[in-house]
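I opened the notebook to look up a few things in this structure.

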Amino acid sequence: MILDESAFHDRHQDMRLDIDNMSYEELLALEERIGNVSTGLGEDTVHKNLKQRKYVSSAAARQNPAEDYADGEDLGLLACGHDFHASCVGRWLVQKNVCPICKETALST
């Protein structure tokens with residue numbers, strides 16, 4: 001099936017921005033108008049809701065030189081079951097409240 005693009009009318013064309021051809025000053029002005037859109041959580045919310053546990057290696061983990069965690073290190077546990085270094089995932093959750101791996105909601109508040 002071949003579509004004739006000349007027959008297609010984009011009724012929202014006047015609302016689209018051509019950011020590729022905007023000057024630096026125009027982009028800064030656009031940023032001021034739009035503002036900062038954050039999908040993350042506040043640091044207090046992350047601190048209160050992020051479950052943590054201490055990492056304890058198993059015999060198999062001790063034989064695996066690629067292991068990322070050290071014994072006694074704090075891990076942050078997300079709702080999906082993935083865990084990360086607590087300090088790293090805490091910084092991530094301030095930016096986005098999704099798991100970096102599976103994209104599920106990381107913490108319910």
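Before going to the sheet, I noted the rule for pairing: two strands pair if DSSP finds at least two bridges between them. I also kept in mind that this is a predicted model.

**Entry: the sheet**

I looked up the strand order and found an open sheet of three strands, S1-S2-S3, with antiparallel pairing. Strand S1 (51-54) and strand S3 (83-85) stand at the edges with a single partner strand each, so one side of each has no neighbour in the sheet.

**Entry: S1 against S2**

How many bridges join S1 to strand S2? I found four, with S2 covering residues 74-77 and the two strands running antiparallel.

**Entry: Asn 97**

I followed the chain on past helix H4 (86-95) and came to Asn 97 in the segment after it. Is Asn 97 buried or exposed? I put Asn 97 down as buried, because its relative accessibility is 13%, under the 20% cut-off. I listed its contacts too, leaving aside neighbours within four places in sequence: Thr 39, Gly 40, Leu 41, Glu 104, Thr 105, Ala 106 and Leu 107. For Leu 107 I noted a distance as well: its backbone oxygen lies 2.9 Å from a polar atom of the Asn 97 side chain.

Conventions:
Residues are numbered from 1 along each chain as its sequence is written. This is a predicted model: local features need pLDDT of at least 70, side-chain atom pairs count only at pLDDT 80 or more; totals for chains, interfaces and linings use all residues. Side-chain values use heavy atoms; hydrogens and water are left out. Buried means under 20% relative accessible area, exposed over 50%, partly exposed in between (1.4 Å probe, protein chains only). A polar contact is a pair of N or O atoms within 3.5 Å; within protein, one must be able to donate a hydrogen and the other to accept it, and residues adjacent in sequence count only if both atoms are side-chain atoms. Contact means heavy atoms within 4.5 Å.
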